[in-house]
Amino acid sequence: MRHDHITSAKQLSREDIEAVLDRASEIAADPAAYADRHEGALLGLMFFEPSTRTKMSFSAAIKRLGGDIVDMGPVDSSSVQKGESLADTVRVVEGYADALVLRHPSEGSAQMASEFVDVPLINGGDGAGQHPTQTLLDLYTIRENAGLDDLTIGIMGDLKYGRTVHSLAYALTNFETRQHFISPESLKLPRNVRYDLHEQGSSIKEHTELAEILPSLDVLYVTRIQKERFPDESEYREVAGEYQIDAETLEAAQDSLTVMHPLPRVDEIAHDIDETEYATYFEQAHNGVPVRMALLDLLLGGEQ
Amino acid sequence: MRHDHITSAKQLSREDIEAVLDRASEIAADPAAYADRHEGALLGLMFFEPSTRTKMSFSAAIKRLGGDIVDMGPVDSSSVQKGESLADTVRVVEGYADALVLRHPSEGSAQMASEFVDVPLINGGDGAGQHPTQTLLDLYTIRENAGLDDLTIGIMGDLKYGRTVHSLAYALTNFETRQHFISPESLKLPRNVRYDLHEQGSSIKEHTELAEILPSLDVLYVTRIQKERFPDESEYREVAGEYQIDAETLEAAQDSLTVMHPLPRVDEIAHDIDETEYATYFEQAHNGVPVRMALLDLLLGGEQ
Amino acid sequence: MRHDHITSAKQLSREDIEAVLDRASEIAADPAAYADRHEGALLGLMFFEPSTRTKMSFSAAIKRLGGDIVDMGPVDSSSVQKGESLADTVRVVEGYADALVLRHPSEGSAQMASEFVDVPLINGGDGAGQHPTQTLLDLYTIRENAGLDDLTIGIMGDLKYGRTVHSLAYALTNFETRQHFISPESLKLPRNVRYDLHEQGSSIKEHTELAEILPSLDVLYVTRIQKERFPDESEYREVAGEYQIDAETLEAAQDSLTVMHPLPRVDEIAHDIDETEYATYFEQAHNGVPVRMALLDLLLGGEQ
């Protein structure tokens with residue numbers, strides 16, 4: 001890793017990504033070998049908005065490496081309430097920890113904050129901006145289940161507002177992938193994202209119906225369509241219903257299809273899929289631990 | 001322990017209970033011997049409602065065993081806010097930990113949740129339902145102070161709504177005990193609980209006045225009478241006042257009487273009792289640590 | 001240290017203070033030598049009001065000593081909600097930890113609480129009362145940067161309500177210091193504090209303008225002037241503006257001037273000072289870790 005801070009998935013080259021995923025594979029294969037690797041290391045958690053799984057997963061990751069957390073706690077109990085700037089807060093907190101994770105509602109805040117600190121800072125999600133460790137765990141899950149090259153992936157749901165989806169799609173341009181985007185017209189990929197993907201020389205196609213493309217997919221990445229995006233509930237129901245899948249939907253899929261979801265889900269994926277071989281979304285969430293362990297290991301100075 | 005999950009005190013046989021209490025005694029006698037016993041083990045804390053002492057006590061327990069916690073944090077910062085089901089949440093969180101503690105306001109939630117996870121799950125209280133580790137620490141405290149066989153115990157206060165009391169009474173039917181229940185008419189044991197106790201062949205008696213039975217008691221277990229149970233405050237005051245004890249009340253008791261309370265207390269037990277030999281309620285709270293250590297040790301695979 | 005509990009900076013003699021600062025210096029010089037010093041020790045955190053930096057700094061301190069925390073969590077999730085007295089709460093929590101830190105909005109609460117517990121209790125701030133570890137880290141920062149004897153210090157801002165300032169001024173009377181207090185008339189030192197300082201034989205002077213005294217200062221300790229202290233915002237702006245400093249203000253200062261602030265700052269110190277040699281406020285915040293490590297080490301039984 002040539003990076004001190006991880007603020008965006010876009011900054012990561014194919015080489016960077018593979019370094020993290022390779023390390024994550026090693027960790028997953030032999031976690032005991034890493035159990036004391038960073039004994040005494042403290043990870044500062046600065047979550048300016050709630051995020052159960054990102055926070056728990058980073059906590060588990062540093063603890064599985066022998067380290068520990070120092071948690072800022074919920075934002076209403078922080079100095080922010082007294083009008084402190086983010087730049088001041090991170091400069092104080094870096095004195096309490098060996099690395100920082102920052103989650104903040106403002107896009108660009110992680111990049112800004114990283115300029116004020118000397119310890120490694122990881123972006124744990126900055127509003128509509130980036131969430132690079134989600135992208136890394138998505139890539140890891142794809143690689144483990146379907147491989148990252150010669151991959152046909154379908155990404156379905158809210159493609160307009162979904163930050164997760166944009167980062168993943170961009171990161172996949174580092175590999176040999178055919179990307180299919182499936183969404184209602186009103187929630188298509190934004191023009192600028194589409195442009196970025198083309199620029200990277202990526203093969204992408206857009207669809208409004210899953211059935212058109214399902215049989216050819218190695219991976220189906222489902223995201224939630226949020227009620228708030230629609231003017232009224234009836235319109236939401238009508239549209240969202242077409243992008244929900246169940247065991248019957250998947251009869252047309254390859255046996256080896258991997259179904260992913262960043263979670264939490266509401267009803268995009270019916271429960272009858274949970275017990276099938278397709279369901280990979282809980283494994284995907286669990287993969288957050290080895291992937292974040294790998295990233296922390298590299299940033300805190302693990303031997304290569 | 002033959003159990004993977006601990007969801008209810010009712011599932012515990014006399015043998016199970018004694019295995020936990022014996023281990024707790026060993027731990028209390030030589031805590032240093034257990035300080036590294038579960039190094040690296042992570043306990044996931046899922047508290048969907050606040051509970052200071054249960055949470056701190058489980059935290060202390062796993063840390064005294066050399067392990068650590070991964071805390072979901074307060075419920076308003078969890079994915080539940082985004083409409084995630086409890087089944088999904090536990091399936092995600094089990095990937096971050098080696099065992100789970102679940103506290104949830106809905107009766108039966110721990111049992112339901114346990115069916116979705118592979119790691120051991122402990123019920124940390126499910127609403128009006130069960131709270132088995134409270135029962136175990138109560139039993140441990142009784143055994144340490146008065147013994148569990150040939151015991152005469154009085155249980156006083158709100159016997160109608162008090163979950164703690166029902167579980168304890170039921171668990172005591174595994175031992176040679178004479179149980180006396182002291183409460184106002186309006187807060188007597190529910191018929192179904194009384195029935196269950198009789199079914200177990202237990203000797204139980206009901207009273208409206210403590211004085212009737214106080215001199216014969218080895219243990220007096222006091223619980224709080226909640227204002228909310230009464231139509232108006234004056235009625236509450238009148239009734240509750242009769243079930244409050246002070247040093248003078250206890251002049252009629254045996255010198256060896258053990259006074260317990262699950263805490264927090266309001267004014268059921270006057271402060272002039274705190275410094276007497278009777279007062280065992282703080283010790284009782286502290287016993288939560290060795291008892292939970294014992295339970296975790298058995299569930300995480302301590303040698304028998 | 002002859003003390004079991006640290007409830008007030010006033011209880012600390014020059015000898016006590018130097019014992020803590022000397023230990024802190026040793027720790028800062030060789031942190032690795034202390035990394036396992038208190039392995040297994042648990043510090044109970046009881047924060048009845050939010051305080052990001054005090055809490056994070058104590059967490060980091062005990063963890064850098066090889067120990068861990070048991071956190072009561074935010075007050076709305078505590079038994080206090082159920083009407084439990086502070087005396088009862090601390091008596092329960094002491095069973096979960098080897099030492100306690102108490103932060104509470106009521107002046108005198110730490111002293112009161114300390115009378116109910118056997119484990120060492122440290123006051124982490126009690127409303128308008130004391131905050132002794134802040135005073136110790138202030139003293140440490142002064143000693144490291146300017147020395148504590150033959151010191152000329154200016155303390156500026158809200159001197160009427162500022163608890164931090166009163167404790168620091170009092171503690172400085174143990175050393176050879178000339179103290180200058182700079183504030184608007186309406187926010188001068190309270191008469192009783194001034195009286196206390198005189199009683200201790202301290203040399204103190206009061207000013208309304210920084211310029212009068214700035215060139216002679218070794219240390220300038222700036223505090224925030226709170227809007228809430230003024231009847232209307234325009235009056236606040238006018239007064240507060242005169243007690244804000246920037247790089248230009250400091251042209252009249254000695255090159256070796258040390259500028260301190262307990263943080264969070266709002267606009268008392270302009271950002272153009274941050275990158276100068278004067279700026280010591282982030283270092284000051286970071287010093288909370290070695291100073292609290294030192295205090296914990298002494299209270300938990302470090303060898304002298």
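**View 1. A proline in a loop of chain C.** Pro264(C) is found in the loop between β9 (258-260) and α9 (281-286) of chain C. Keep in mind while looking around that this is a predicted model. The thing to spot here is the link into the proline: a cis peptide bond joins Leu263(C) and Pro264(C). Its omega is about -5 degrees.

**View 2. A cis bond in chain A.** Now hop over to chain A, where the peptide bond from Leu263(A) to Pro264(A) is cis. Here omega is near -5 degrees. As for where this happens, Pro264(A) has its place in the loop between β9 (258-260) and α9 of chain A.

**View 3. A positive phi at Asp150(A).** Asp150(A) isn't a glycine, yet its phi is positive, at about 55 degrees. To find the residue, look in the loop of chain A that runs between α5 and β5 (151-156).

**View 4. A salt bridge between two helices of chain A.** Asp22(A) and Arg143(A) make a salt bridge here, and their closest N and O atoms are 2.9 Å apart. Asp22(A) belongs to helix α1 (residues 14-29) and Arg143(A) to helix α5 (residues 132-145), so this pair ties together parts of chain A that sit 121 residues apart in sequence.

**View 5. Charges over rings in chain C.** Two spots in chain C are worth a zoom. At one of them, Lys10(C) lies over the face of Tyr170(C), 4.7 Å from the ring centre. At the other, the charged end of Arg292(C) sits over the ring of Phe58(C), and the distance to the ring's centre is 4.8 Å. Rings also pair up with each other, and searching the whole structure gives six aromatic pairs over all chains.

**View 6. Where chain A meets chain B.** How many residues does each chain bring to this contact? Chain A puts in 23 and chain B puts in 24. Together they bury about 2,000 Å², with carbon and sulfur atoms giving 55% of that area. There are six salt bridges across this interface. One of them pairs Asp88(B) with Arg265(A), with the closest N and O atoms 2.6 Å apart. You'll also find 10 residue pairs in polar contact between chain A and chain B, both residues being at pLDDT 80 or more. On the chain A side, the elements giving two or more residues are α2 (52-64) and α9 (281-286). Of these, α2(A) supplies the largest share of that side, eight residues. Sorted by class, the side of chain A that touches chain B has nine nonpolar, six polar and eight charged residues.

**View 7. Where chain C meets chain B.** In this contact, 25 residues of chain C touch 24 residues of chain B. The area buried between chain C and chain B is about 2,000 Å², and carbon and sulfur atoms give 55% of it. The salt bridge count between these two chains is six. Among them is the one from Arg91(C) to Glu275(B), whose closest N and O atoms are 3.9 Å apart. Which elements of chain C give two or more residues to the side that touches chain B? They're β1 (42-47), β2 (68-71) and α3 (86-93). By class, that side of chain C has nine nonpolar, six polar and 10 charged residues.

Conventions. Residues numbered from 1 in each chain as written. Chains lettered and ligands numbered in written order. Predicted model: local features only at pLDDT ≥ 70, side-chain atom pairs only at ≥ 80, totals over all residues. Heavy atoms only, no water. Contact = heavy atoms within 4.5 Å. Buried area = accessible area lost by both parts, 1.4 Å probe. Salt bridge = Lys/Arg side-chain N within 4 Å of Asp/Glu carboxyl O. Polar contact = N/O pair within 3.5 Å; in protein donor to acceptor, adjacent residues only side chain to side chain. Helix = DSSP H or I, 4+ residues; strand = E, 2+ residues; numbered from the N terminus. Nonpolar A, V, L, I, M, F, W, Y, C, P; charged D, E, K, R; others polar. Phe/Tyr/Trp six-rings, centres within 6.5 Å; stacked < 30°, edge-to-face > 60°. Lys NZ or Arg CZ within 6 Å of the ring centre and 35° of its normal.
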